[in-house]
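Me: Hi! I'd like to go through a structure with you, bit by bit. Could you take a look at this one?

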Amino acid sequence: MVTSENIFRGTRGGLDIILDLYPQANVCVKNPKAKFKKRESEATPSAHLIQKDGIWYLKDFGEPGKGLNAIKLWMEAHYMDDHRFGEACMQIGKRYNITDEL
């Protein structure tokens, strides 16, 4: 079984997944104070990346709530609710060649 710990270890704390989903976020890796547009419809950039305890999160001030890690962002991008967390981990594992043996 692919766990969230394996996913974060195998994707640089989820950064690889976030950048695949939102390539425009790369500006935030180089400049932590930078912001980017998560949605093309935005007039001004309102999202940024933060790293806490080795895990990357995307915080979007255009949406309510806390920052989302890469697994939650994957689920959001693929229209998955919280009941499909295990399925999301399996999809990510397959996409990024992550196994339970990492």
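Reply: Happy to. One term before we start: two strands pair if DSSP finds at least two bridges between them, and helices (H or I, at least four residues) and strands (E, at least two) are DSSP runs, numbered from the N terminus. This is a predicted model, where local features need pLDDT of at least 70, side-chain atom pairs count only at pLDDT 80 or more, and totals for chains, interfaces and linings use all residues. Residues are numbered from 1 along each chain as its sequence is written, and side-chain values use heavy atoms, with hydrogens and water left out.

Me: Great. What do strand 1 and strand 2 form, and how many residues sit between them?

Reply: They make a hairpin with 2 residues between them. The two strands run antiparallel and are joined by 6 bridges.

Me: Which residue in the turn has a positive phi?

Reply: That is Asp53, with phi at about 50 degrees, although Asp53 is not a glycine. Asp53 belongs to the loop between strand 1 and strand 2.

Me: Is Asp53 buried or exposed?

Reply: Exposed, at 75% relative accessibility. The cut-offs are: buried under 20% relative accessible area, exposed over 50%, partly exposed in between (1.4 Å probe, protein chains only).

Me: Which residue other than glycine has a positive phi near 55 degrees?

Reply: Asn97 does. Asn97 lies in the segment after helix 5 (85-95) and is exposed too, with 68% relative accessibility.

Me: Is Lys59 buried or exposed?

Reply: Lys59 is buried, at 17% relative accessible area.

Me: What is Lys59 in contact with, leaving aside its neighbours within four places in sequence?

Reply: Its contacts (heavy atoms within 4.5 Å) are Ser46, Ala47, His48, Gly65, Lys66 and Gly67.

Me: How far apart are the C-alpha atoms of Lys59 and Glu76?

Reply: They are separated by 14 Å, with the two residues 17 apart along the chain.

Me: Let's switch to charges. How many salt bridges are there?

Reply: The count is 7, taking a salt bridge as a side-chain nitrogen of Lys or Arg within 4 Å of a carboxyl oxygen of Asp or Glu. As a general point, side chains of opposite charge can pair when their charged atoms come close.

Me: Which residue forms a salt bridge with Asp60?

Reply: Arg39 does, with the closest N and O atoms 2.3 Å apart. Arg39 lies in the loop between helix 3 (26-30) and strand 1 (47-52) and Asp60 in strand 2 (residues 55-60), so the pair ties together parts that are 21 residues apart in sequence.

Me: How accessible are those two?

Reply: Arg39 is partly exposed at 26%, while Asp60 is buried at 5%.

Me: Which residues are linked in a network of salt bridges?

Reply: Arg39, Glu42 and Asp60 are.

Me: Last topic: how many disulfides?

Reply: The count comes to 0, where a disulfide is a pair of cysteine sulfur atoms within 2.5 Å.

Me: Is Cys28 buried or exposed? And Cys89, buried or exposed?

Reply: Cys28 is buried, at 2% relative accessibility. Cys89 is buried as well, at 2% relative accessibility.
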